[in-house]
Amino acid sequence: MIELRNVTKLYGRVIGVNDFTLTLEPGAYGLLGPNGSGKSTLLNLITGQLRPTLGTVRVLGESPRNNARLFRRMGYCPGSEGLYANVSGYEWVRYLLRLHGLSSQRATSAAGEALELVGMSHAMHRSIASYSRGMRQRTKLAQALAHDPELLILDEPFNGFDPVGRHELTCVLRDWIGFGKSLIFASHLLHEIESITQSFLLICGGRLLASGTAEEVHAMMAGLPNEVALRSTEPHALAALLLRERAADSVRVVDGCVTVATQHPARLYDRLPGWLAETGLEVTEMHSADESLQALFNSLMKMHRGEL
Amino acid sequence: MTGNVAAVFLFEWRRALTLPRMAWWALLAAFPAFIIALIRFTALSSPPRDLWAGTLYALVPMLVSMLGTLLWATPAVSSELERRSWVYLAVRPHGGVAVLLGKYLGAVTWVVSTALVGLTMAVLIADSDDGWRLWWTMARLACLACPAYGAVYLLIGTVLPRRAMVLAVAYTLIFELVVGLIPAVVNKLTVQYRLRALLVEWCDLEIPGGRQSGALALIGDAPPWQHIVILMFLTAGLLFAATLVLRWSEFASSAETDV
Amino acid sequence: MLFFAWLPALWFGMGFFLWEQAALYPEWRQTLRPFLQSMPETPEFEGIRESVRTGNLEASRHAVWAWLLQTFFRYPQGVLMVMVVGLIFPPLISQDIRSRAFLLYFSRPLTRTEYLVGKLASLWAYLSMVSVAPALALYALGVLLSPNLSVIGATWDLPLRIIAASGVLILPTTVLALCLSSLTQESRYAGFAWFAVWILGWFTYGAATTADAFNSQQYAAFDGRGKMVILEESAWTHLSLYHTLGRVQRWVFGFADFGDVRVSTLILISVTAVSLAILYRRISAPMRV
């Protein structure tokens, strides 16, 4: 579906995307990365808005640059707000459908259906200037879906949505995927992506760090030093126990919290309950610091640089 | 592609029917009439036909055509970029080119309507004996000037969208108004040269010093059809260049930079 | 732009040099002829021509220097001012309106006056680089190209007049520019309105003076006089902001009485006041989140 080969994009001296190689089969993918990681640049390359400085981009087997045929099969919802204030949502979506080459009649019906799908039928004839942020986001999504594309590309689609709206959008996108269509959607929040798809691409600093399901990514991380934080009423005794049992590479005690670095977190999780029962020590709280997204990225970056 | 261009043209015209845009339309249409009235009602006697011809030429094929196309054609791309709506258009089949040409057509028709209405009012106020001939000459010149200037400004706005308006004004001042008066080969590259030649021919104006004088370098001696053909080719060529530049250009969208 | 702003100073500097050389060496007076021909046919300039004829050029030094500086302000710097402001100002406030940046600005301890002065100051800085600085440099160049420093004694007031003329040029135009920027969210309309003000004003001035010229020919024809009569400029010429600025600058450099430029001064003050009022109203308007 999408193939990028050694794609690099430079903005002058700034690297947007760096030696990106990726092949995606039809399906749903989350593009995950912190702000400034190159997600939007990547989407601009896939949608033909930018030319790669090096490498090639292929979408559905064709170059996306100035490709009218491809644009008919693709729907894009960018992150920027670019709606005309003095027209209604319906007029705007209909106009964009006319640009797709749909007849006036088909554009009229398709616009209405798309806006109904995203929950905007009650307000579609109002001026966009009167829309809330969430309503604008729904309208943007409608214009991406209205011409029934094969591939949908969304950049931060949940921006501006309240929790109810997020849930509704999640259902729409799950249904979309259920119809056998393909989806790529970019976000900097892991849980947004996990609610839609289990396959994601991790990007940071313009590089692809990892791709696959959550389990596959965590499996990559197995064997890497993990940090686990344990809160206990007797932190020093707990630290001594872990060192005695050789369950830790290093131990740090700060303010009643024991932070353990270990290359075998699975063994720790497995044996800890037994040790606690034998010694009578109490653990009131436990979490892995590496479960945070930033920690995941940090570890992957270290892997990428060969530091791990 | 034709359907796309038509869709853009109709959409832009619908958006043009708002109070601020109609106010601009009215201002540009009324200005020639105001100036002609100013001359007519402060002059002690009826000015000669040549003075009316020169003034109407300066007002309609020059001022209204230039200003109108400057306002609507120059920011064809930059207005969408500023509004961050360009990407929505560019991901449609032939979207960028359709927007460019559709906006160009919308701008030209808007300005031609302004010019013709303004011209009609001005000629009626001037009350010249040769009013019909003046009207017909200026109407034809406006119908040639608007597409030509629209194409020039569209190209400028596509090549350098960020500073389009200032560069278009600078082009007009330096190239059309100053270079256009240099009696040399270079002035033949200007739109003004062609329009001036047609004005002299169609209005049968007297050339200072006669046809053997240096003034001939400012109007040439080519037949009118040649000037018209050259203007049409120039217009088409500039439009083609603008579409090529657009296809080559890169305009990225970024959620992070959205304010 | 800065290069083009400073380039005319060299040309006008030559004017200073030629005048001062002609004051010392009679054989240089031939070179003054093109400059004398370009001077207006008014009593002040008749005095300059007389001083050349009699060889007493020092008596007209102040007038000539003032005329050169005034012409420098009127033509190259006047046009540059329009272009420089047109390049910079359109998004200054319109972008803040579009992006609702007022919410950020005014949630801080920043008054509306400070906000406006800040925006204006950015324009003033650029305009100073194309008006005050080159004009003062031109004056300094004139002194340096003179045979001796005694010329400062006769022209010491000119730097002050330069600053005053710059104020006349900069203040109403920048306030008007910001006012136009505050009236719209789309900077292209603001930019267009700016250029339209100058272009339409110029056309109006041209039409009014065309009618005046035609009338003066008619007067001459009626009275049987061969020479064209110079009539008072029509009131319609005040619609041209460029020429209104020029009139007041003429007074600043001593070529007109205040009575002659009262209306023009009033127009500039009104433009400034009305523009400021609109500006304050626009940036104080309720902001939709």
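Trainee: In which helix of chain A is confidence lowest, and in which is it highest?

Mentor: Confidence here is pLDDT, the predictor's score for each residue, from 0 to 100. In chain A it is lowest in helix H8 (residues 214–221), at a mean of 65, and highest in helix H3 (residues 89–99), at 94. Helices are DSSP runs of H or I with at least four residues, strands are runs of E with at least two, and both are numbered from the N terminus. For chain A the mean pLDDT is 85, with 91% of residues at 70 or more. Keep in mind that this is a predicted model, where local features need pLDDT of at least 70, side-chain atom pairs count only at pLDDT 80 or more, and totals for chains, interfaces and linings use all residues. Residues are numbered from 1 along each chain as its sequence is written, while chains are lettered from A and ligands numbered from 1 in the order in which they are written.

Trainee: How many helices and strands does chain A have?

Mentor: There are 11 helices and 13 strands in chain A, and its C-alpha trace spans about 75 × 45 × 35 Å along the principal axes. Call a residue buried if 20 or more other C-beta atoms lie within 10 Å of its own, exposed if 12 or fewer do, and partly exposed in between, with C-beta atoms placed from the backbone. By that count, 41% of the 308 residues of chain A are buried.

Trainee: Which strand is joined to S11 of chain A, and by how many bridges?

Mentor: Two strands pair if DSSP finds at least two bridges between them. Strand S11 (residues 250–254) and strand S12 (residues 257–262) of chain A run antiparallel, with 5 bridges. Across the pair, A:Arg252 faces A:Thr259 of S12(A). This hairpin has 2 residues between its strands, and A:Asp255 takes a positive phi near 50° there. A:Arg246 has a positive phi of about 55° although it is not a glycine, and it is exposed, with 10 other C-beta atoms within 10 Å.

Trainee: How far apart should the ends of H9 in chain B be?

Mentor: The expected span is 1.5 Å times one less than the number of residues. The 13 residues of helix H9 (residues 191–203) of chain B should therefore span 18 Å, and the end C-alpha atoms are 18 Å apart, so the two agree.

Trainee: Is H9(B) mostly covered or mostly open?

Mentor: Mostly covered: 11 of its 13 residues are buried, among them B:Tyr193, B:Arg194 and B:Leu198. The buried residues pack against helices H3 (49–72), H7 (131–159), H8 (164–178) and H10 (224–248) of chain B. After H9(B) comes B:Asp204, with a positive phi near 55°. B:Asp204 is found in the loop between H9 and H10 of chain B and is exposed, with 12 other C-beta atoms within 10 Å.

Trainee: Which pair of chains shares the most contacts?

Mentor: A contact means C-beta atoms, placed from the backbone, within 7 Å. Chains A and B share the most, out of 2 pairs of chains in contact. Chains A and C do not touch, and their nearest C-alpha atoms are 9 Å apart. In the other pair, 24 residues of chain C are in contact with 25 residues of chain B. On the chain C side, helix H11 (187–223) and helix H4 (61–88) give two or more residues each, and H11(C) supplies the largest share, 17 residues.
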